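Student: Please pick one part of this model and go through it closely. I would like to know what it is made of, what it rests against and how it is tied to the rest of the chain.

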Amino acid sequence: MAISTGGGGDATPMSDINTTPLVDVMLVLLIIFLIAVPVAIQTIDKLHIPIMESTEAKNKVDNLLLTVSTTDSAGRSAGEPGFEGASRNGECRVYFNNITPVTSQELYDDAFKRLEAIVKRAGGPAEMMKNPDDVPQVQIRGDVEAPWRCVAGTIYNVQAAGYPTVGFISTPVDPNG
């Protein structure tokens, strides 16, 4: 690497880039990231969630209820004799209206047909959108041991079928006792 000293009788302009401002900017960014990253990745150890009374949805008849689970270690599904509980490594199982086991394609087809019938009964998409509270929701009850891949696949299929809102059903537990 050559350094130009500016002397020597050479009258041509110097064309080397001045790296001092670049180094200054990089150092400032490094300091900012060293301060900002630990703040951004902090986890919350204790979180106090408010306890609220739950109210049933007005359109609960139109809501689509799904249960997501997996097979047990022996490959048995929920409802089969000898089922030992969902396994993290089991195959995904989705139950339409919490009863009928369906594949991914059947879930999409059944959810689409169900939503289409509800929209037709309401008088079309424009009529349904006049009151967004009338748009049916998907409510998923996921087994604690069901891996995220099963739940995410279920969410993807029902949203692809046209359901805009997906929620989760949990067992309400009072954290204070």
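Tutor: What follows is a close look at helix 2 (104-122), then at its surroundings.

The model is predicted, so local features need pLDDT of at least 70 and side-chain atom pairs count only at pLDDT 80 or more, while totals for chains, interfaces and linings use all residues. Residues are numbered from 1 along each chain as its sequence is written, and side-chain values use heavy atoms, with hydrogens and water left out.

First, the setting. The chain contains four helices and five strands (DSSP runs, numbered from the N terminus: H or I with at least four residues for helices, E with at least two for strands). Their order from the N terminus is α-β-β-β-α-α-β-α-β. Of the 177 residues in the chain, 24% are buried (under 20% relative accessible area; exposed is over 50% and partly exposed in between, with a 1.4 Å probe and protein chains only). Among contacts in the chain (heavy atoms within 4.5 Å) with a separation of 6 or more, 62% join residues 24 or more positions apart. The chain has an accessible surface of about 13,400 Å², and carbon and sulfur atoms make up 59% of it (Shrake-Rupley method, 1.4 Å probe; for residues, only the protein chains shown count as cover).

Now helix 2. This helix has 19 residues, and the distance from its first C-alpha to its last is 27 Å, close to the 27 Å expected at 1.5 Å a residue (1.5 Å times one less than the number of residues). The buried residues in helix 2 are Leu107, Ala111, Arg114, Leu115, Ile118 and Val119. Down the axis of helix 2, these buried residues fall within an arc of 135°, so they line one face of the helix (the arc being that of the directions from the helix axis to the C-beta atoms). Lys113 and Lys120, on the other side of helix 2, are exposed. Just after the helix comes glycine 123, with a positive phi of about 105°.

What does the buried face meet? The buried residues of helix 2 pack against strand 1, strand 2, strand 3 (100-102), helix 3 (125-130) and helix 4.

The structure holds three salt bridges (a side-chain nitrogen of Lys or Arg within 4 Å of a carboxyl oxygen of Asp or Glu). One of them joins aspartate 62 and arginine 121, with the closest N and O atoms 2.8 Å apart. This pair links distant parts of the chain, 59 residues apart: aspartate 62 is in the loop between helix 1 and strand 1, and arginine 121 is in helix 2.

Asparagine 63 is buried, its relative accessible area being 2%. Its side chain reaches the backbone nitrogen of glutamine 137 at 2.9 Å.

In helix 3, lysine 130 and glutamate 127 are three residues apart, about one turn of the helix. Their side chains form a salt bridge (2.9 Å, N to O). Lysine 130 is exposed at 63% relative accessibility, and glutamate 127 is partly exposed with a relative accessible area of 39%.

Helix 4 (148-160) has 13 residues and spans 18 Å from first C-alpha to last, close to the 18 Å expected at 1.5 Å a residue. Buried in helix 4 are Cys150, Val151, Thr154, Ile155, Asn157 and Val158. They cover an arc of only 165° around the axis, which puts them on the same side of helix 4. Trp148 and Tyr156 are exposed on the other side. The packing partners of the buried residues of helix 4 are strand 1 (64-70), strand 2 (92-96), helix 2, strand 4 (138-142) and strand 5 (166-168). Glycine 162 follows helix 4, with a positive phi near 120°.

Leaving out residues up to four places away in sequence, threonine 67 touches Arg93, Val94, Tyr95, Asn98 and Arg141.

Notes. A polar contact is a pair of N or O atoms within 3.5 Å; within protein, one must be able to donate a hydrogen and the other to accept it, and residues adjacent in sequence count only if both atoms are side-chain atoms.
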